[in-house]
Every structure is written in C-alpha cells, then in structure tokens.
Amino acid sequence: MTDDLDRLTARQLVENLSVGDVSAEEVVQHHLDRIAERDGDLHCYLWVDEEGALARAREIDARRAAGEPVGELAGVPIAVKDNICTDGRPTTCASRILKGFHPPFSAHVIELLEAADAIVIGKTNLDEFAMGSSTENSSAGATRNPWATDRAPGGSSGGSTAAVAAGLAPWALGSDTGGSVRQPASFCGVVGLKPTYGRVSRWGLVAFASSLDQIGPITRSVADAALLLGVIAKPDGRDSTCAHEHVPNYLAELEKPVTGLRIGVPREYFGEGLEPEVEKAVRDALKVYQRLGVDVVDVSLPHTDYAVATYYIVATAEASSNLARYDGVQYGYRSPKPPEDIVDMYSRTRAEGFGEEVKRRIMLGTYALSSGYYDAYYLKAQKVRMLIKQDFDRVFEDVDAVACPTSPTVPFKLGERTDDPLSMYLSDVFTISANLAGIPGISIPCGLADGRLPIGLQLLAPPFAEPLLLRLSAAYESASEVGALSLNRTRDE
C-alpha cells in the first residue's frame with residue numbers, strides 16, 4: 001500500500017486509514033521520505049516537523065487501535081503556507097523580519113484541522129508576506145515548479161502548490177489576496193479554491209490586505225477541495241468578517257448534475273496578452289461543458305480593464321497599514337547596530353528586514369493614503385471596486401457561473417520577470433477581480449502546453465456558491481482527460 005500512496009487523493013487516504021489498510025505513521029513517513037528526496041531541488045518547505053508529525057501519527061494510530069474516536073481527517077498530513085500561525089511552530093511569512101518567530105497561538109483553520117486529527121507536516125514557502133506571483137520574493141529563496149524546474153510555480157502560495165503537485169503533501173492550505181491560491185494552482189496542475197470573502201476565518205492569518213485576504217484549499221482533486229473546505233469553513237467570533245452562514249455538505253453537492261446550468265464567458269478575458277495555447281485549452285474545456293449539457297454564453301464585465309490598477313491601490317494601501325507593526329519593538333527582527341534614536345531604529349530595522357517587493361508595496365500604499373492623495377487614489381479605487389462587483393452582480397442574474405483562464409500565460413521561467421514588476425503584476429490579471437468583488441473562485445487543470453506546462457481553467461460564482469463551483473469542477477474533472485493532472489503524472493520526472 002505504501003508504494004501506492006502517491007496515487008491516492010487525501011479523501012482516499014482518509015478511507016484507507018479508517019479501514020486499517022495503512023497506518024498514520026506509514027502515511028506521514030512516506031511523505032517525509034518524499035520531502036527528503038525531492039525538496040532539496042524544489043524548495044517547497046521552509047520548515048518540516050518530522051518529529052512532531054510522527055509523534056502525532058503514532059498517537060492517532062494508538063487511539064484508533066484502542067477503539068477510541070478519531071477526527072474525520074485522522075492521520076492525513078497537510079502542508080500549511082507559512083503566513084498561517086501555528087502555535088509554538090515557526091511562522092515567518094518568508095521574511096527576515098519574522099525570522100525565528102513562533103506564535104503563541106494557532107490560526108482558527110489550524111485549530112479546526114487539528115481537532116479533525118489532521119497532521120501539520122510543515123510550513124511552505126511563499127513570496128514574502130504573500131506579495132508576489134512567482135514565490136521568488138521569499139527571503140529563503142525561490143521554489144521550483146515540479147513540472148519544469150526551470151519554471152516558477154506561481155505565487156504567492158507556490159510552496160504549497162508545488163508540494164501538492166510533487167507528492168510532498170496530499171493537500172495544503174494557501175492564502176489568496178489577488179489570486180495567490182488559484183494562479184499557482186494553475187501553474188502546478190492542481191486544484192486551488194478561493195472561498196467567498198468571510199467563508200473561512202482569517203483569524204491567525206498574517207494580514208497582507210485585510211479586505212481581500214482569504215484562506216483556501218490546494219488539492220489534487222475537486223473532492224479533496226470539498227472535503228477540506230467543509231472542515232475549515234466554520235464560523236469564528238474572533239474574526240468580525242467571518243460569515244455565520246450555514247456550511248453545506250460540499251461532498252454531497254458533487255453528485256448533483258450540471259445539465260441546464262449556464263456558464264458565462266467574459267469577452268474581456270480573451271484579448272491581448274492571452275497566450276494561444278492557454279486560450280485553446282480553455283475553449284476546449286468549455287466544449288466539454290457543452291457536451292455535459294451546460295449552456296455556454298458570452299457575457300461582458302466592462303470594468304475588467306480597471307481591475308489591476310484598482311487592486312494595486314487597495315492592496316498596497318492596506319499592506320502599508322498592516323505592516324506598520326513590524327518595527328523592531330514588539331517582536332521579530334531588530335537591527336543589531338546601536339540606533340541614534342527610536343526613528344533610526346525603526347528605519348534601519350524595516351530597511352534590513354523587508355525585501356524589495358514588500359518595500360515597494362509599502363511605499364506605494366503609503367503614498368496612496370497620504371494627505372492630498374487619499375481621495376485621488378484610494379477613495380477612487382474603492383468606487384471602481386464597487387463597479388467591478390456590480391458587473392459580476394449583473395452577470396450572475398443571467399448565468400450561474402463565469403469561466404475564463406486562470407492565468408494569461410503558462411508558467412514562466414524563473415528570473416524572467418523579477419526585474420519587471422509590472423509584467424509580474426499582470427500575472428494576476430484574471431484572478432484579482434474575484435478578490436475585489438468578494439466572490440469565490442476555483443482553478444482546475446484543463447491542459448498542458450508542450451506536454452509539460454499546466455494550464456488552469458478558472459470558474460467564478462456568486463457569494464457562497466462554493467457548492468456550485470465544486471459541482472461544475474467535479475463534472476469537468478470526471479469528463480475530461482486532463483482533469484487532476486498531478487494524479488496522472490510520474491512524480492519523479
């Protein structure tokens with residue numbers, strides 16, 4: 001059985017563990033061996049809890065052997081993006097300014113996972129403070145795409161998606177502020193779900209842009225995403241933005257038919273900058289839906305052209321505010337040189353502790369919020385944000401979901417865009433609107449360019465319509481030859 005673990009989804013692991021076909025210790029040890037074998041090349045993890053994960057696995061095995069109750073995810077390891085707090089375990093956001101920081105509490109999602117007896121196997125690499133689209137902005141170095149190691153895995157959740165794609169974890173958590181779950185999922189050929197804003201508690205997620213951030217699952221199958229979302233989508237009174245909406249049985253929703261549903265295809269997402277092989281893969285995916293009895297129609301989202309500018313004003317403004325706390329006084333890094341005064345200590349600590357991209361965004365955000373520019377930039381961006389949301393509201397009156405590419409390109413080469421911030425920012429051109437509108441989105445594999453570079457299809461739906469997204473995604477996954485790419489490849493390629 002242990003030789004076949006790479007081919008099992010997390011849901012299948014749950015089933016095999018429950019009937020005793022494999023032990024939790026064997027599952028964890030297998031993934032630790034995979035990490036030791038491959039992570040030196042890929043650099044998915046910033047920290048691996050080998051001792052703690054094995055101890056937890058043995059404890060779960062002992063409880064199960066004694067006939068004691070165990071959680072619904074008992075014995076299944078999970079990788080966690082390193083901007084999600086884990087009690088007593090490192091949480092660095094891939095930044096020098098938080099090097100060595102061990103939070104005294106766990107995020108709400110970690111509490112829920114550990115209550116379900118999932119095992120946190122390690123913390124994954126990311127763009128520093130989740131600011132980037134390639135995982136090259138990490139202070140610990142870049143992660144490589146397991147499909148083509150000269151390529152970026154996307155970002156900022158590139159460590160999590162690469163770990164899942166390479167079999168170094170059966171599933172993972174990421175965070176999505178402007179596409180940071182979906183875009184790397186597209187690049188790595190896995191499933192990435194951004195829930196509705198407020199569907200999952202942000203308590204314990206280190207803030208980048210508070211009105212945009214959302215934690216989401218990264219998995220090798222749609223069913224795994226449904227299972228994981230059902231565990232982490234619980235109300236939390238510690239997060240005032242967390243919705244107290246009913247949590248449906250997401251797995252049961254996968255069995256419902258899709259015949260008669262309507263998918264809108266926004267014409268604004270199929271223009272300049274979209275690579276031909278990406279467009280072809282997405283168009284072919286839409287033909288699969290038509291064969292399934294789904295009505296595919298053209299729609300328009302007229303304010304799409306303003307999404308990138310709007311996002312980078314709102315996100316950087318909120319980032320400049322959220323990152324003000326890192327000053328060398330309360331926790332984290334402090335410049336070792338004796339300061340001339342308190343301002344000198346603040347300035348030197350932040351200059352030495354933050355990377356170039358984080359500094360760039362703090363400066364942009366501070367400028368947008370400064371006296372004399374607030375109305376011209378930040379306030380205007382919030383007004384355009386509302387127009388973008390209204391575009392989706394109008395479209396969803398006529399269609400059930402929207403389909404488009406996740407990324408305009410296939411995975412680009414490492415280093416190709418590091419000196420061109422604008423080009424890097426445009427990597428998220430198709431994903432940021434969902435965050436601005438607060439709606440759920442999912443990326444599912446829909447093809448390969450040159451036989452080795454994954455392409456993702458993005459589906460968007462009205463708020464709290466995750467059941468619909470998962471149902472549509474599962475239908476495509478079952479009907480398509482390229483669904484669940486990471487399960488159908490040789491992991492040692």
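Helices (H or I, at least four residues) and strands (E, at least two) are DSSP runs, numbered from the N terminus. What you see is a predicted model, where local features need pLDDT of at least 70, side-chain atom pairs count only at pLDDT 80 or more, and totals for chains, interfaces and linings use all residues. Residues are numbered from 1 along each chain as its sequence is written, and side-chain values use heavy atoms, with hydrogens and water left out.

**View 1. The whole protein, before we zoom in.** The C-alpha atoms fill a box of roughly 65 × 55 × 45 Å, taken along the principal axes. Of the 493 residues, 62% count as buried; buried means under 20% relative accessible area, exposed over 50%, and partly exposed in between (1.4 Å probe, protein chains only).

**View 2. A94, a loop residue with a positive phi.** Look for A94 in the loop between β2 (77–81) and α4 (108–115). Its phi is near 55°, a positive value in a residue other than glycine. A94 has 2% relative accessibility, so it counts as buried.

**View 3. D450, out in the open.** D450 sits in the loop between β10 (441–449) and β11 (453–460). Here phi is near 60°, again a positive value in a residue that isn't glycine. Is D450 buried or exposed? At 68% relative accessibility, D450 counts as exposed.

**View 4. D176 and its neighbours.** You'll find D176 in the loop between β4 (171–175) and α6 (182–188). D176 is buried, with a relative accessible area of 0%. Its side chain reaches the backbone nitrogen of S180 at 3.5 Å. That is a polar contact: a pair of N or O atoms within 3.5 Å, where, within protein, one must be able to donate a hydrogen and the other to accept it, and residues adjacent in sequence count only if both atoms are side-chain atoms. Leaving out residues up to four places away in sequence, D176 touches several others, among them K194, D213 and N435; contact means heavy atoms within 4.5 Å.

**View 5. G355, between two helices.** G355 is in the loop between α11 (342–353) and α12 (356–369). This glycine is buried, at 12% relative accessible area. Which residues does G355 touch, not counting those up to four places away in sequence? They are R96 and E128.

**View 6. A cis peptide bond.** G155 and S156 are joined by a cis peptide bond, with omega about 10°. S156 belongs to the loop between β3 (119–124) and α5 (158–165).
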